[in-house]
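Let's explore a protein together, one question at a time.

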Amino acid sequence: MCCKGFIKTMMFIFNGVIFLAGVVLLAVGIWVSVDRMSLLGFLDNIDNAPPELAQLANIGYVLIAVGVFLALVGFLGCCGAIQESRCMLLSFFIIVLIIFIVEVAAAIFLFVFQPVAEKLLEDIGQQVSKSISDKYGADERFTGVWNNTMDELRRCGYNNYTDFMGSPFFEELSLYPEMCCRVNITRCDQSAANGTVGCFKALVTLVEENAILLAGVAIGIAVLEIAAMVVSMVLYKTVGK
């Protein structure tokens with residue numbers, strides 16, 4: 001009985017942590033989805049953008065789905081332990097095993113993807129510059145996306161201020177966006193914007209760091225899931241004895 005009580009306690013602990021991890025991922029996913037225009041949202045306006053980067057722009061929705069699924073799995077595990085239901089415990093084990101396999105595959109993908117992020121972002125450089133030249137100042141949503149991106153990263157354009165030459169904004173005002181001139185000036189002209197750095201390098205760093213972070217989180221949760229699967233099987237075998 002003592003051993004069984006200990007196993008049930010461990011089951012509660014592991015599933016409680018899984019449930020909380022799901023809630024945290026859900027909250028982060030909602031925040032990223034709401035705030036997605038502030039960073040990689042500009043990829044929506046790039047034709048034939050690399051699918052890897054396009055998927056990264058939708059990472060918020062992925063986090064929401066994973067968070068909801070983990071929260072439900074944690075709840076299922078706790079219910080199985082409370083009711084000592086062999087059916088629920090076996091279902092929990094199978095579902096967690098599937099999640100574990102998917103998470104390991106995702107972690108491997110993120111580790112492989114991280115080194116090629118710079119090349120992917122570099123390859124779309126000309127397309128991004130052209131989209132800025134064509135739409136900035138004319139397309140309100142596109143302009144808002146880039147204003148938010150530059151403000152968050154504290155950079156100017158994709159490569160530098162020259163991306164805005166020929167844009168509707170520049171043609172109308174003969175000025176550059178105020179984000180290109182961080183000093184207190186009244187006119188952001190070429191002399192003030194000269195020397196500013198574009199968002200390219202900052203985006204590379206952002207993508208690489210987030211890929212490593214997500215891979216680390218996936219591995220951490222996977223380790224926790226292994227422990228939960230072991231405990232659930234031990235409890236499964238002891239139920240009814």
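Contact here means heavy atoms within 4.5 Å. Keep in mind that this is a predicted model.

Q: Leaving aside its neighbours within four places in sequence, which residues is Ser 167 in contact with?
A: Start with where to look: Ser 167 sits in the loop between H6 and H7. Once neighbours within four places in sequence are set aside, the contacts of Ser 167 are Ile 132, Ser 133 and Tyr 136.

Q: Is Ser 167 buried or exposed?
A: Buried means under 20% relative accessible area. The relative accessibility of Ser 167 is 0%, so Ser 167 counts as buried.

Q: What kind of aromatic pair do Tyr 136 and Phe 169 make?
A: A pair of aromatic rings is described by the distance of the centres and the angle of the planes. The structure holds 6 aromatic pairs. For Tyr 136 and Phe 169, the centres are 5.4 Å apart and the planes stand at 75°. Planes over 60 degrees apart count as edge-to-face, so the pair of Tyr 136 and Phe 169 is edge-to-face.

Q: How many residues apart are Tyr 136 and Phe 169?
A: Tyr 136 is in the loop between helix H5 (125-135) and helix H6 (140-153). Phe 169 belongs to helix H7 (residues 168-173).

Q: Which residues do ring pairs link into a cluster with Tyr 136?
A: Tyr 136 counts as buried, at 2% relative accessibility. Phe 169, at 21%, counts as partly exposed. Ring pairs join Tyr 136 into a cluster with Phe 164 and Phe 169.

Q: Where do the buried residues of H5 fall, seen down the axis of the helix?
A: In H5, the buried residues are Gly 125, Val 128, Ser 129, Ser 131 and Ile 132. Seen down the axis, the buried residues of H5 fall within an arc of 160°, so they line one face of the helix. On the other side of H5, the exposed residues are Gln 126 and Lys 130. The buried ones, then, lie within an arc of 160°.

Q: Which residue just after H5 takes a positive phi?
A: Look just past the end of H5 for a phi of about 100°. The residue with this positive phi is Gly 137.

Q: What is the handedness of the disulfide between Cys 156 and Cys 180?
A: Cys 156 and Cys 180 are joined by a disulfide, with S to S at 1.9 Å. The torsion about their S-S bond is about 75°, so this disulfide is right-handed.

Q: How many residues apart in sequence are the parts that Cys 156 and Cys 180 tie together?
A: Cys 156 lies in the loop between H6 and H7, while Cys 180 lies in the loop between H7 and helix H8 (190-193). Both cysteines are buried. The parts tied together by this pair are 24 residues apart in sequence.

Q: What pattern do the disulfides of the protein follow?
A: A search of the whole structure finds 2 disulfides. One of them joins Cys 181 to Cys 188. Counting bonded cysteines along the chain, the pattern is 1-2, 3-4.

Q: Which residue lies over the face of Tyr 236?
A: Look for a residue at 4.0 Å from the ring centre of Tyr 236. The residue lying over that face is Arg 86.

Technical notes: Residues numbered from 1 in each chain as written. Predicted model: local features only at pLDDT ≥ 70, side-chain atom pairs only at ≥ 80, totals over all residues. Heavy atoms only, no water. Phe/Tyr/Trp six-rings, centres within 6.5 Å; stacked < 30°, edge-to-face > 60°. Helix = DSSP H or I, 4+ residues; strand = E, 2+ residues; numbered from the N terminus. Buried < 20%, exposed > 50% of the residue type's maximum accessible area, 1.4 Å probe, protein only. Lys NZ or Arg CZ within 6 Å of the ring centre and 35° of its normal. Arc of directions from axis to C-beta. Disulfide = S-S within 2.5 Å.
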